[in-house]
Structure formats: structure tokens, C-alpha cells
Amino acid sequence: MSLFKMNAKTRERAGKGVARTLRREGRVPAVIYGGEAQPAIISLDSKDINLEYYKGHMMTNICNLKVDDKEQKVIARDVALHPVTDVVEHVDFLRVTEKTRVTVPVPIHVTNFEGSPAELAGGVVSFATHEVMIECRATLIPDEITFDLSKAELGTTVYSDDLKLPERTNLGQNAKGLNLFSVDLPRIIAEPEPEELEGEVDAAGDVPSEHGSDGDDAEGEAKEGDKAE
């Protein structure tokens, strides 16, 4: 599990007008809920929250969030973005404890493919997805889930049920039986063969001669010039 830190301030009021004012001041409104405490309305520095969001870890990593002088562990569960600029406009945080369980996407990483029977036969790994949804304790979210391909053969397909998950970790409700990746020969796209003009029959049923009259030759050369372009 990875941790990151952020600072926040308590805000006195909620509402659209207050939120607009906060954004003009370079702050982002947010709320903390869950656990045994009451929901809390807060604000964060806009630069800080956007930096952390675009690092790509906010939805899967625990945050040590310091609100005024009190620190608490939270995880982002929903992030609202501006429809045009994609700037973070609001965040919902969930308080987490040792008992809190969450469903989160976790990256999939393959290991030991180099030197495997499939790799020596010219195979490559083709991913249908690069992550899988798992359900686990919030304090035990893995950074990634690995799969060993040292014995992979050509034609191997790996499903979510084949993953070895950490203790007390389950697949998400819609993640069972999911096709993750396969090992096959690279797909080769064949180039179309050039059309053979020699011996084609024209609309009148005649086969054009390779050496016709001067007029025929000129017309044939013009047609060939058109095709070359």
C-alpha cells in the first residue's frame, strides 16, 4: 500500500455559491464521509489536488489528509472534473480504518515472459485490459498484481480467475471470468497484391494488345500514367 499526504481546511458552509467562491480563490471543495464521525466539508489547494489526481494514484492510494491540525486516513471515492478544462472541481473522500473494505482498480503486471516457450517461439503478450477490479481492505490495497509467464506457451489466455490474489482480497463483482491478456504470434497484415492488367478483357470483349496502333499506344500510355499517379 502506498501513502501520500495533503493538507485541507475546514469550510463553514456548503452550497454552489460557496463552491464557486472557493474555486475563484484557488481552492477545491471536498467532503469527508464514512467511519463513526460525521461528514466534514473541507477545501484543498487547487494545485495540490490536481497534481495528485493526475499522478493517477488518488483512487487506489491512501491519503494522510491533515485537516487544520488533525490528520486522518482517507481514500478518494469520487472526483468531479470541469467538463471543458478537466480541472478537479470536487472530491469525495472516504475515511478508512483497518476494517474498511473498498473496491478499486489495480494494475496487472506480467513477469518472466522473456525466455518463456511462447517468447522463444516469437509470441507477444496482447492485453485486453491492463487492470482488474478487486475488493480488499483499504489499508491493504496492492500496488499491482503480477502474473508469472515463465511457462507460457503460444495460445495461452489468462483470465481474472487465474490471478493469485493477496490474502483477504477478492475479485470485484463484475471482474470474475474477465479476459485479461493472451500470448500469440504477432498479427501480420498482408499487403494487397497489385492488380494484373495483362490479359484483362475490356467492355467490348476484346483483349487489349501489347502493341497496337499509334493511337492505341498513346491512349494506353495515358491510362498507365493515370494509374501511376
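The lining of the second largest pocket holds six nonpolar, three polar and five charged residues. This is a predicted model, where local features need pLDDT of at least 70, side-chain atom pairs count only at pLDDT 80 or more, and totals for chains, interfaces and linings use all residues. Residues are numbered from 1 along each chain as its sequence is written, and side-chain values use heavy atoms, without hydrogens and water.

**Pocket**
- The second largest pocket has about 300 Å³ of space.
- Its lining counts 14 residues, with E36, A37, K70, Q72 and R95 nearest the centre.
- β3 (40-45) and β5 (70-81) are the elements that give two or more residues to this lining.
- β5 gives the largest share, four residues.
- A pocket is an open set of points on a 1 Å grid over the protein atoms alone, where a 1.4 Å probe fits, with protein on both sides within 12 Å along at least five of seven lines; lining residues have an atom within 4 Å of a point.
- Nonpolar covers Ala, Val, Leu, Ile, Met, Phe, Trp, Tyr, Cys and Pro; charged covers Asp, Glu, Lys and Arg; the others, Gly among them, are polar.
- Strands are DSSP runs (E, at least two residues), numbered from the N terminus.

**Aromatic pairs**
- The whole structure has three aromatic pairs (ring centres within 6.5 Å).
- Y53 and Y54 pair edge-to-face (planes over 60 degrees apart), at 4.9 Å centre to centre and 85° between the planes.
- F147 and F181 are also edge-to-face, because their centres are 5.8 Å apart and their planes are at 75°.
- F147 lies in β10 (residues 145-148) and F181 in β13 (residues 179-184), 34 residues apart.
- Ring pairs link F127, F147 and F181 into a cluster.

Definitions and conventions:
Grid points are joined across faces, edges and corners, and a volume is the space filled by probe spheres set on the points. Rings of Phe, Tyr and Trp (its six-membered ring) pair if their centres lie within 6.5 Å; planes under 30 degrees apart count as stacked, over 60 as edge-to-face and the rest as tilted.
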